[in-house]
Amino acid sequence: MSTQVTTGLQVRKSVELTIDDKKVTAPEGSTLLDACRASGKEIPTLCFGDTITPKNACRVCMVELEGSRTLVPSCSRKVEAGMVVKTDTERTSHSRKLVLELLGSSVDLSLTKNVSKWNDNYDAKPSRFGAPSYHHGKRDEAVTGHHHQPDGKTAETVHQPVKIDNALYVRDYSKCILCYQCVDACGEQWQNTFAITTAGRGFDARISTEFAVDLTDSACVYCGNCIQVCPTGALMFTSEYEMREAGTWREEEQTQTDTICPYCGVGCSLTLHVQDNTIVKVTSPSDHSVTHGNLCIKGRFGFQHVQNTKPE
Amino acid sequence: MDLKIASGSANTEERQAVDSLLGAPTETSQGAQRDEMGMRVSTGGESLRKLRHLLLPTLHSVNDRVGYISRGAINYISQRLDIAPAEIYGVATFYALFDTKERPARQVHVCVDLACRAASGCTEETLPEGAIPSPCLGTCERAPSVLVIETGVNVRQEVLAPATKTQIAELVAGKSAPVEQPIALAAPQTPDKSLVLLSRIGNTDPLSINDYISNNGFTALRKAFAIGAEQVIAEVTASGLVGRGGAAFPTGRKWAAVASQPVKTRYLICNADESEPGTFKDRVLLEGDPFALVEAMTIAAFATGSQHGYIYLRGEYPRALKNLTNAIEVARNKKYLGDNILDSGFNFDITIFRGAGAYICGEETAIFNSIEGYRGEPRNKPPFPVEVGLFGKPTTVNNVETLFNVLPIINNSGEKYASWGSTGSKGKKLFCVSGAVNKPGVYEVTFGITLRQLIDLAGGLKPGSTIQAVLLGGAAGGFVGPQDLDLELTLEAARTAGTTLGSGVVMVLDQSVNMLDQLQRIAAFFRDESCGQCVPCRVGTVRQQEALARLVNSEKAGDTAIDLQLLRDLGQVMRDASICGLGQTAHNAIDSAITRLKVFSA
C-alpha cells in the first residue's frame, strides 16, 4: 500500500513497512536506517557518514529482513513496501558484537565516538582474540595474496607509524577502519582530486597514495575534506595532533563559532573550534547547502592570520 | 581531469607496451611529441574516461612486457587513460599476478593449495628458493602443479604438472617446461561421443572450426535462430538447468529477467574465473572445446538480447587463453560472430578479459568492477546484475559449464534434458575428482549417482589408500567423511545432508593427508583472497586463521572449547553479515571439519 506525502515542492510517495512488529511509513527512496531512526530505533553506525554515499563496509548497522538469507545493511538498503524488518534480534546483536570486536581488536578506536557505549550494549570484548600485536607495522610493503602464517599467540592489528609528511594534517592509519569515506571525498563524490585510494587486498587493504608517496608528492590539494569525513580520528589537523601529544587538547573546554570564510565570494560556512582563545581546527557544517562540509585549503587551514598580532 | 603526475617516467619498453594496446599518443598531455609550433593540446578528457575498461588490459600489457608495474608505467597509463596515478596503484595492488616492485622477468608460481599440498606436501615454507607460492592453479587432476610466467616481448606462460621438487628447482633456474600434456588426459572418460558435455574432448581439434562443425558444431545456434529468443528461454527454463558455478540459480529465470528489462543495451558475461580450489572442469571445457563456448554464448546473447559478451578468464589459464583467442578470431572470420550472424540479423561479439590473480573476481559483481577498471570489490545487491550490471546495464553472468549445457538443451529439447537426473537436480554434471583416486579428472555424470559410484568411476581409491575425508565443493564447500560415501550427489541430497556440491569439487583425501594442515591452508586462502571491503570478512578471516593456529598448536586442553566457540562466532558473523559469497562461505569447510569430522575432539 502506498500513499503520497508532500515534502516541500516535491511529491514523494511513501511506503509502508513493518519495523519490529510496528507498521511505519517512510518516504520512497529513503533507507532502512532512516526509517528505523525515524521510529526511534537506535542502530549503531561506523562507516556511515551523512555526506557520502554509504559504502556499507563496516556491517555494524545490519538488520534482519524477512525473506533475506543474510542480514542487510540498513544504511544503504532502500525501503520497499511490505518489508518486515527486525532491528534487535539474536542475529543482529551477534553481528554488531562481532563487528565491534573485530574492529576493536585490530584498530585503535580510542577516538571513535560511541564505541565504548556500544561495546557495553552488545557485550563486545575485543580482547578475547588475544593480545594485540604491534610488531608488523610495514603495511605499505604488503605483497598482495601473501602473508606470514600467524601462530595465534597475538591478534594482528593494522598498527603502523603515524604519517607526518606535511605541516597541515597527519594520517594515523592505526585508527583507520577502512570506511572509504576519505577516498570518496577526495575522489568522485566531492573533491575530484583522487590523491588517495584503497591499495592492497584483504587485511592488507589500506588507504594510500600511489606507491605510498608522501602527500607532498601526491595530488593532494589539502582541502582537508577527508579529515571532515573521517569518523575515527585517523586523519587529524596537525594542530590537534600536536596538542593531543602534548596532553593539552581539551575538547570539553572548546567553543565552536560559526562564521563565513573571508577568502572568496563563495561564502562557505566555517565552524571555528577554539580553545584558550586560539583556533585549533576548522570544520564546516555537513548539513550546510553551500559546503556540505567541504572547504578548500584556505578555509580549512588558513586561519593563522586571525590570531596574528602586530609585532610590538 | 587535472592530473598531478609525480616523478618517474615510463621507459621505452613500458611505453611500447601501453601503446601496443592504446595506439600512439596523439596529445602532448598524453606524452606525445609536441607539434612543430610547440603547442600543447588536450581535448580528450571525456572520451578518454570512457576507456577505463582498458585499464586492466593495459596493466597486463605492461606486466607481460617488463614483469612489474613501475611508477613510470603508472604515470604514463595515467596520462593515456586520464586516471589518477593513485587509482591505478589501487587497482594494480589488488591483483596477485601484478607487482609494483621490480622483480625478475621469470616467475615460478608453485601451487600450495589443497590438492597439491596433499599430493606433494609442498607448503609455503618448503618451496625451493625463488619459487612463489600460489593458490590453486586449477590443474588438480595432475597435482602438484606449477605455472611459469616469463615476461618479455613475447611473454611465455607454461604449465608443468605434475612437477617434482627437482623440476621446480630447474624451472626456477630457468629451464623450460616440457610440452604440456594433452587436454583429454584430464577427462578420463574421453574420447566418447555419447557424452553430452565432453563429447568433443579428445576427438575434435580445439583449434579447428571445421572439425567443430563436422562434430555437431553450431547446430544448436541454427536451431536457436529458427525457434526464436522466447522459445530458447522457454526451453532452458523447461530444462531445469541451474547455474554450475556453485550458487545453483535457475538459468532460465536469469535469462528471462534480463530479456524483460526495458534497457536495451545488455551484456553477457561468461564467468571463466575458475579459482575455487579443487575446480578444473571449466578449464577442460575451455581448452578442449572452445568453439562450443562461442556457440553457447551466442545463443545466450540471442535469447537475452545482448549485444556484447565478455569471457572473464582467470589469468592462470594460458592454454585456455590461446585456444579461446583462436576460436573467437576464427569464428569472427567465418561470420559466426560479428554482424548478422548466419543471416539471422543478430549481431554479437565476444571479448576475452584476463583476470590477474584474484579469486574474488569470480563473484559476479566483482567481475563488473574488474572489467570496468576498478578494484575487483563486490557490489552491494540489490540492485541485481539482471537490472544493473556491467557498465550499469542489465547483465547475464553465467558459468562456463552452465553455458555448455545450453547446447544439448537446444539440440534436443528442454523436456528431454529435464528427463535426465533426479527430481531436484536436472541434467548432466561435471565433477572434478582429485586426490587419492586412480584416475583423477573431470567426470560427466547424470545427476543422481552416489559419491561412492563417482569414486569408483574415477578408478577407485589408490592402492593402500583409505578415505579420511572428501572435500565437496571446494574451499567454500564442506568436508564429508568415509561414512558419507552413499551420499547421492544431487543438490537436494547435499542440502539435506548439510553439505554442498558447489562447483563440483570432489577431493578425496586419504589417511596420509594432514587434515589440520588442510584446514590451515583453507583459512590462509580466504584471508589472502578476501577483497578487504567489509569487516566480517576482512578481519574475520584473519581471526579465524589465528584461532585455528591456536587449536592446532594447542597444548592446554582447556583453551580448545574457547577457540571452538570463537570460530563458531566468527563463522556466524561472516555468514550473516559479509557483503558477498566469499565471506559468507569462508567458514563452511572449517565448520564441517569440526562438526562432521570432529578434528578437534580428542
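Domain bounds in this description come from an automatic or database domain assignment. The structure is a predicted model, in which local features need pLDDT of at least 70 and side-chain atom pairs count only at pLDDT 80 or more, while totals for chains, interfaces and linings use all residues. Residues are numbered from 1 along each chain as its sequence is written, and chains are lettered from A and ligands numbered from 1 in the order in which they are written.

Chain B is divided into domain 1 (12-92), domain 2 (106-180), domain 3 (209-418), domain 4 (428-505) and domain 5 (515-595). The centres of domain 4 and domain 5 of chain B, taken over C-alpha atoms, are separated by 24 Å. Nine residues from domain 4 of chain B and nine residues from domain 5 of chain B take part in their contact, two residues being in contact if their C-beta atoms, placed from the backbone, lie within 7 Å. On the side of domain 4 of chain B that touches domain 5 of chain B, strand E11 (467-472) and strand E12 (478-480) of chain B are the elements that give two or more residues. Helices (H or I, at least four residues) and strands (E, at least two) are DSSP runs, numbered from the N terminus. The largest share of this side of domain 4, three residues, comes from E11(B). By class, this side of domain 4 has five nonpolar, four polar and no charged residues; Ala, Val, Leu, Ile, Met, Phe, Trp, Tyr, Cys and Pro count as nonpolar, Asp, Glu, Lys and Arg as charged, and the others, Gly among them, as polar.

Between the chains, 47 residues of chain A are in contact with 46 residues of chain B. At least two residues of the chain A side are supplied by each of helix H2 (90-106), strand E8 (154-156) and strand E10 (197-199) of chain A. H2(A) gives the most to this side, with eight residues. The chain A side that touches chain B divides into 21 nonpolar, 19 polar and seven charged residues.

Chain B also contains an open sheet of four strands in the order E7-E6-E5-E8, with parallel pairing; two strands pair if DSSP finds at least two bridges between them. Strand E7 (349-354) and strand E8 (395-399) of chain B stand at the edges with a single partner strand each, so one side of each is left without a neighbour in the sheet. From one strand to the next, the twist averages 20 degrees. Strand E5 (residues 267-272) of chain B pairs with E8(B) in the parallel sense over five bridges, and Thr396(B) in E8(B) is the bridge partner of Leu268(B).

Helix H16 (residues 400-411) of chain B lies across E5 and E8 of chain B, at about 90 degrees to E8(B). Axes are lines fitted to C-alpha atoms, for helices over the stretch in contact, and angles run from 0 to 180 degrees between N-to-C directions. The axes of H12(B) and H16(B) come within 9 Å and cross at roughly 55 degrees, which makes H12(B) oblique to H16(B). Angles under 35 degrees count as roughly parallel, over 145 as roughly antiparallel, 65 to 115 as roughly perpendicular and the rest as oblique. Lys281(B), Asp282(B), Leu285(B) and Leu286(B) of H12(B) make the contact with Val400(B), Glu401(B) and Phe404(B) of H16(B).
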